[in-house]
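Please examine the sequence and the structure shown here. The paragraphs that follow lead through helix packing, a pocket and an aromatic pair.

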Amino acid sequence: MIPRRALLAAPLALAACTSLAPDYQAPALPVPPTVGAAQPPIAAQAPDPAREATLHVTEAGPLPWSDFVQEPRLREVVALALAHNRDLRVAALAIERARAQYGIERSALFPTVNATGAGARSRTADDLTTAGRPNTTGQYSAQLGFSSYEIDFFGRVRSLNDAALQEFFRVAENRRSVQLSLVAEVMNAWLTLDADARRLQLARETLRTRQQALDLTRRSFELGATSALALAQAQTSADTARVDAAAFASQVARDRNVLALLAGTGVPDALLPASVASVLPGAGKVPALLPPPAPATALLGVAADLPSGVLLHRPDLRAAEHALRGSYASIGAARAAFFPSITLTASVGTASNALSGLFGAGNGTWTFAPQIRLPIFDAGRNQANLRVAEVAQGTALAQYEKAIQTAFREVADTLAERATLDERLDAQRSLVQASQRALDLSDARFRLGADNYLAVLDAQRSLYAAQQAQIALQLAEQVNRVTLYKVLGGQWAGDAAPADNS
């Protein structure tokens, strides 16, 4: 009788196999060796140390988002989103599903051992029973064994297991990518809410001053000191400001809804930007113009010769690489289909015609039934499957290279915009100051009778447009920081696993 341990261990010993999957080789980067080499280094722009911190991006990578975000309220809102956002929750559940799928594929490497017990009793008709023999019989058995276990000589099962493992890694990187995008979206939504609240406050302050001018013009018209044209022009100016104030009030409400959706829950008023408090109903008297917003995030200092290989730490690029690795494993499984496959069925147990003698001496049983399957003719199915796997590998390679090129372009574009933002902000501040002086002079000339009211209206419109553009440019500068943080991959530390900031 074959020893039971030897019978069950034989398949595991035979399962040592050679994979037919091609060796994976990382493709060469289809981009220049450095990022932003033609752009001036951002770190050399020397930001004001009293207002902002600078994080220097090297090959080791920037700091986590909790250190990148400087504004305490924004940091709390991001943490709130990481805890409650439904998209991130779905991404986390996708990891669990991929882990379970990998467990299914991995189980095929081992035989499935089952224990079975059976019993049967039957009665035969008296006419069909030989005289002197009982017409009631029984049969009982107990067995331990496995069936249809494939010996993985050519690595088909192992290749499928490797493909499932790479899929698990890809989904895990997708979760990191979703988290990074969520952090950036929350920061942008919070900053946009701040900018729109400032626009609303500017529109309301402009409406207040233009309403005062309208009242003054109306009194002058009633006294005969001003023409009806000037009164109509003042009315037009005030109505335009009132339209803008109503539009920005609606926009602020929509911005709050967007922020609440990203956070996955209501955002307390205490965590909103300070500018929002100034436009909420019941707000006290606020300055005519709020001071420029303090930087909510740190300024990333990026060297002009930052290696392009740093971009490979981005989670979306890691996910694309795992998809590429999985396609190599799929080729191995398709190649193995051309070779014979061997399956084993084996069992050991005992049987008896009486339950009391089931485990008696001499009642042991065993079976061993190997089966070999050799593909002879399949009408080109295996060849077609191999071609599908090879095309999928080529597609994954093209997608991986395209992802690298896209990442390079995103970083280069963000750095290109960053290089001119300081100059644009300085020019816009100068434009606002010049527009304010032009308005003061125009108003003075109108009051002295040296000019008509049209010049005042034109100066008001120019100043209002310049102030709105300044708010938009300040928002663009803040969003550029967030975008740079996102396109650089958020955080990494060499090849170590990223810290979980959720």
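**Helix packing, a pocket and an aromatic pair**

H3 crosses H5 in a right-handed manner; a crossing is right-handed if the near helix is turned clockwise from the far one by less than a right angle, and left-handed if anticlockwise. This is a predicted model, in which local features need pLDDT of at least 70 and side-chain atom pairs count only at pLDDT 80 or more, whereas totals for chains, interfaces and linings use all residues. Residues are numbered from 1 along each chain as its sequence is written, and side-chain values use heavy atoms, with hydrogens and water left out.

Helix H3 spans residues 72-84, and its axis lies 10 Å from that of H5, at an angle of about 140°. Axes are lines fitted to C-alpha atoms, for helices over the stretch in contact, and angles run from 0 to 180 degrees between N-to-C directions. Helices (H or I, at least four residues) and strands (E, at least two) are DSSP runs, numbered from the N terminus. H3 and H5 are therefore oblique to each other, since angles under 35 degrees count as roughly parallel, over 145 as roughly antiparallel, 65 to 115 as roughly perpendicular and the rest as oblique.

H5 (residues 156-222) also packs with helix H6 (residues 228-263): their axes come within 7 Å and cross at roughly 160°. H5 and H6 are therefore roughly antiparallel to each other, and their crossing is left-handed. The contact of H5 with H6 comprises 24 nonpolar, eight polar and 10 charged residues. Here Ala, Val, Leu, Ile, Met, Phe, Trp, Tyr, Cys and Pro count as nonpolar, Asp, Glu, Lys and Arg as charged, and the others, Gly among them, as polar.

H5 also contributes 10 residues, the largest share, to the lining of the second largest pocket. By class, this lining has 12 nonpolar, nine polar and five charged residues.

Elsewhere, a search of the whole structure finds five aromatic pairs. In one of them, the ring centres of tyrosine 24 and tyrosine 328 are 5.3 Å apart and the planes stand at 80°, so the pair is edge-to-face. Rings of Phe, Tyr and Trp (its six-membered ring) pair if their centres lie within 6.5 Å; planes under 30 degrees apart count as stacked, over 60 as edge-to-face and the rest as tilted. Tyrosine 24 belongs to the loop between helix H1 (4-14) and strand E1 (34-35), and tyrosine 328 to helix H8 (residues 315-336), so that the pair links distant parts of the chain, 304 residues apart.
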